[in-house]
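The sequence and structure are shown first.

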Amino acid sequence: MTDTTTTETTGTKPLLEIRDLSIDFQTRGGPVHAVIGANLTIYPGQSVAIVGESGSGKSTTAHAIIDLLPGTGQVTSGSIIFDGVDITKASKREIVNLRGKSIGLVPQDPMSNLNPVWSIGYQVEEGLRANGIDVSRGTQRVLTRGLAETEPAAFVGEDLLLSGDAKRTLLGLLREELSSRPEHDRELILARADDTLVTGSTTRGEAVTILEGLGMPSATGAVEKLTSVAKTKDRVAGLLAEAGLPDAERRAKQYPHEFSGGMRQRALIAIGLAARPKLLIADEPTSALDVTVQRKILDHLGDLTQELGTAVLFITHDLGLAAERAEHLVVMYRGRVVESGPSREILANPQHAYTKRLVAAAPSLASRRIQSAKAAGVEVKELLAQTGGDGVAEARDDVLVAENLTKVFTIRGSGRGHNAFKAVDDVSFSLKRGTTVALVGESGSGKSTVANMVLNLLEPTEGRIIFDGVDMTSLGKKELFSFRRRVQPIFQNPYGSLDPMYSIFRTIEEPLRVHKVGSPKERETRVRELLDLVALPQSAMRRFPNELSGGQRQRVAIARALALQPEVVVCDEAVSALDVLVQAQILELLNDLQSELGLSYLFITHDLAVVRQIADEVCVMSKGKIIERATTDEVFDSPKEEYTRELLGAIPGASLQLGTEDLAV
Amino acid sequence: MSEQSTISPRVGQEHFVADPALTPLAVVDKVDETERPTNLWRDAWHDVRRRPMFWFSAVLILLVLVIAAFPGLFTKTDPMFCDLSKSLGDPAAGHPFGFDRQGCDVYSRVIYGARASITVGLVTTIAVVLIGGIVGALAGFYGGWFDSVLSRMTDIFFAIPLVLAAIVVGQVFREGGVWRVIAVLAVFGWPQVARITRGAVMSVKNNDFITAAKSLGVSRGQALLKHVVPNAIAPVIVVATVSLGTFIVAEATLSFLGLGLPGSVLSWGAEISKAQVSLRTQPMILFYPSAALALTVLSFIMMGDVVRDALDPKARKR
Amino acid sequence: MVRYLGRRVLQLIPVFVGATLLIYAMVFAMPGDPIAAMGGDRGLSPAVAEQIRAQYNLDKPFFVQYLLFLKGIFTLDFGVSFSGQPIMEVVAAAYPVTLKLALMALVIETVFGVFFGLIAGLRKGKFFDASLLFVSLIVIAAPTFVIGFLMQFLVGVKWQLLPATVGTDHSVKALLMPAIVLGAVSFAYVLRLTRTSVAENLSADHVRTATAKGLPRSRVVSVHVLRNSLIPVVTYLGADLGALMGGAIVTESIFNIKGVGGTLYGAIIRGEPATVVSFVTILVIVYLIGNLIVDLLYAVLDPRIRYV
């Protein structure tokens, strides 16, 4: 090490140092080693990410830092030194003191992490009170001291936070001062002031600057005359506003069930940062949210923590996201740290076989790589979906056409009549034989409703579906039954889509039995064939779904869907719940099956990154409508709609530069 | 990525690569073919047989069932043979529990009393599971007006306390013996099973595998029968086991009040009622039938507990 | 909130009508003649029977009878019993004791059930939890009258700690033992319910979040675990008030209390259908009121349903 680097590196001491950490869980079958000899270092203000698949030990490591190991989990060896204190040996009281105050947590699932029976404001307030942060008492003290001093020259209490009442007073004064301005201007300025003066977050000093900037020369005097003191309630609103929640003062009085997922996650961020911890652990903080919301929240979190100088430990399964958000990466696999180092170096030059695999498979990276490869003019055929010979695509016939599909749901209104809700609004698309059309959209966009109409599980309110030249709406019961054979679904949740009481054999055999295909003997042969087709061992057919992993179940679901040799397969978020490597594997399987069997896919997803790897054509849906429809290349290269651009921007890793040389892996 | 990453890494953050031998790469998502195949029932059995409570209640239930079926195996004394001269007599050879007020052998009356309790418990449970199960499953699966009507009906039956209902019925039908008791308990017992079955069916029916079955061409009725019911059966079994115990208690309570089984039928409840007057002089006469009753009910309720734990989806891994 | 409660009240109406209709039908419209039965072995003279029939509207069509009966309930005029006493008087004599007894039982089972349930839930799987669970099983398995006799014998007769029978003394002390006996089974259920609920909530994500905020465990438990856990317990307790009053008949007979149970029992033995129907109807009303209180508590405890 040279002298220059030593001065740089010894400048600060690590905030967190994990050394040789091992964690066991006690189970009936003996101890399970969840974490084995892990090392991790975080410096103050730094952002670090632990990347790994489920079961890699990444969340366990994070929970050990804050001493919240679930169930029978126990640290068996090693140390976790935080700010000089070894957490593995600390007393209960020391740990309670550390939590919140020094180490904050933003948990994974916003839906279950807020207590449904307490208001949002109360839950944020707890984070302040638990850590002895009493805004009102502090401000009171400063204020009384200021009033006692007779020296008017010094601006008193400029670090004090603005209370809600104070803000309203200032806005009133500003309105008076602006009374000579034209109304339009005045309202515009007042709206600006309303936005920038944040209750419980803006200080009096900042308020002066803001108001003067808006053309209020008397700002200093006005602020100095304020008597209203920020209370805990104001600070709660301030924290929520800082976390990006609009209208925070009013929102704080609401309950979690009145919040959307994104808003809840913002509230959780406010809670995590309430006591201004030195380290914030963000455990897959956005994986349950829509992609665009995800991006906004992560951006905001990044800005906020940087401003506050908070160190952040991200826990994620998405290498692209990790590399984009953290400067240092720790890759975990089967309980061990297999590789760690600066993000860019790991991405550019992965050494461990597992990291290489991850870099190759992460869909966000893969789609970026295709983009950059194309930009460099490199042929990337092996990365793209196989259409079975481009160019011929034009000559293919439409196996499925949706014409002006509309679905209106009547929601039983609470008391007054019925509300009509248009889930799908005039949607048309066509699916060419042997190709893949992706329907992309966020939750509530109506994409799954379209899928259900295509599967004939829902009747369209208007419009029609033409399958192989036949209008579905004209079909009788018997014809419908045979139609079922030709269009098959694969669902998102691999845990819910297989009957837990059915063995794998019975599951795959069921469609054959229902449609009375073959003798029992022939059916068994067919089941064995299908298992081969989806690359599952034949021995798996005696097993039950709960013994298989998510990816394996999804293979079974594919085998079941293929049993009747359908022409169209509707994949409703079929890979969304899977780990990246498994996801890549299933996508590959789907691609192989397509070229082998000439299948056509209708691929429903919220994740554009996946689309790049599988679809030939993309329909972007928003609020029930298809807003953009084009080939995959067109959508990625020259998106026409703002919303599409937003979706594309939300794919993690936008700022990453991936050289085409990475393609070698 | 921020600017900092361009400077060389700090202490403890150098590029580190683990020895590949420590974590050999597994094939992605490989099926472990060495493990023995299991399913819900096999898992449950595996779980249950390690618990002493299971064996305790299983042995007890078996014993009570045998006693109820063949009381003659356990005593040679005729429970109806009473000798007033032995009234409230202490235990003697061949009469381990002593004699009651009428001078009848307490032991043999306890043994012969088992049949009534078990019959009422078993038959009522079967009836309740059949009625409540079918109604609950249909209501949960099809929903709509049928479900609304059922829910209100369940509420109505819940509003009338069981003992009172039995009293009223007892006042109207003075005949009928065992069957009357069973009928009352069944009529006022089925709504609970219906409610539980309905809940279980509703939580199963929204699963993707039901949708998958439908899109395969499986009819609604078939889906209910082949997919929904097998998955909803576990909570019904639990409630049935526990109910069996509570029905036995209810029968005893009715007999105790003189509204249950007719006097000609030997039952624990009636024995306890009769022993009431001798409480201060000979409390043990009251103790034996009470203990028999409590142990029997305990074994069924314990069995229900064990089964619930074993079938609890939350307790199961994955 | 108002709308929610309004809807709950509306939902109770069919239950009230259904339950009273069912009872009324069972007593008055079933095969067998209650009037003929009331004369006992001697039988009534046809003239007297006819007069009684008219007095109780039994000569009118069934639904008219039922509606007149409903009218009587809403005007608090239950008519007179066959022995000539106004039924309202009988009600006034019998209900206060039973209500007092049931409320005492409710308080006992709530306080002890929630307390021990909380401890058991917090120590799930430990020895203390296992013992509490076993005790609760035994209490559930032993019928009320067995527990009653046992306590009467031990506490009342052998150790003489509390009066063995109640008689006319309706003080809290006299009613304490019967209340414990009456509430015993429900205590066991409350304990088990609280325990399950607490244990489940303890592992809830939001409890972990609360802990991560830096709250001490005592606050986490009291603020975040207990309140959430009480929601199912409250549901049970509301339905239990009616059940306790209806079930008090056994306890009352053991401890010789002249309450609802004893009076009702007597009315049945003497063959007084009008009294029986009135008494059971009032019990149904108590049950429904209990449910309404639960709905109210529910809305207080759980903000989610206030807006439904």
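**Domains of chain A**

The structure is a predicted model. For chain A, the domain assignment gives three entries: domain 1 (13-117 + 255-360), domain 2 (135-242) and domain 3 (398-650). The centres of domain 1 and domain 3 of chain A, taken over C-alpha atoms, are separated by 34 Å. Eleven residues from domain 1 of chain A and eleven residues from domain 3 of chain A take part in the contact. On the domain 1 side, the elements giving two or more residues are helix H13 (291-308) and helix H16 (353-361) of chain A. H13(A) provides the largest share of that side, with four residues. By class, the residues of domain 1 of chain A that touch domain 3 of chain A comprise two nonpolar, four polar and five charged.

**An open sheet of six strands**

In chain A, six strands form an open sheet with mixed pairing, in the order E16-E17-E18-E13-E19-E20. Strand E16 (487-490) and strand E20 of chain A stand at the edges; each has a single partner strand, so one side of each is left without a neighbour in the sheet. On average, neighbouring strands of this sheet are turned by 15 degrees against each other, direction ignored. Strands in a sheet pair through backbone hydrogen bonds, in either the parallel or the antiparallel sense. The table lists pairings within this sheet, each with a residue pair.

| Strand pair (chain A) | Sense | Bridges | Residue pair |
|---|---|---|---|
| E13 (436-440) and E19 (617-622) | parallel | four bridges | A:Leu439 and A:Cys619 |
| E19 (617-622) and E20 (625-631) | antiparallel | six bridges | A:Cys619 and A:Arg629 |

E19(A) and E20(A) form a hairpin with two residues between the strands, where A:Lys623 takes a positive phi near 50 degrees.

Is strand E19 (residues 617-622) of chain A enclosed or open? Six of its six residues are buried, so E19(A) is largely enclosed by the rest of the structure. In a regular strand, side chains alternate between the two faces of the sheet. In E19(A), A:Glu617, A:Cys619 and A:Met621 point one way, while A:Val618, A:Val620 and A:Ser622 point the other way, and all are buried.

Helix H18 (residues 447-454) of chain A lies across E13, E16, strand E17 (568-572), E18 and E19 of chain A. H18(A) runs at about 150 degrees to E18(A).

**Contact between chains A and B**

How many residues of each chain are in contact? The contact involves 60 residues of chain A and 42 residues of chain B. Strand E10 (residues 336-342) of chain A gives the most to the side of chain A that touches chain B, with seven residues. That side of chain A has 25 nonpolar, 21 polar and 14 charged residues.

E10(A) also pairs with a strand of the other chain: two bridges join E10(A) to strand E1 (residues 16-17) of chain B, and the two run antiparallel. In this pairing, A:Ser340 stands opposite B:Phe16 in E1(B).

Definitions and conventions:
Residues numbered from 1 in each chain as written. Chains lettered and ligands numbered in written order. Predicted model: local features only at pLDDT ≥ 70, side-chain atom pairs only at ≥ 80, totals over all residues. Contact = placed C-beta atoms within 7 Å. Nonpolar A, V, L, I, M, F, W, Y, C, P; charged D, E, K, R; others polar. Pairing = 2+ DSSP bridges. Buried ≥ 20, exposed ≤ 12 C-beta atoms within 10 Å, placed from the backbone. Axes fitted to C-alpha atoms, helices over the stretch in contact; angles between N-to-C directions. Domains from an automatic or database assignment.
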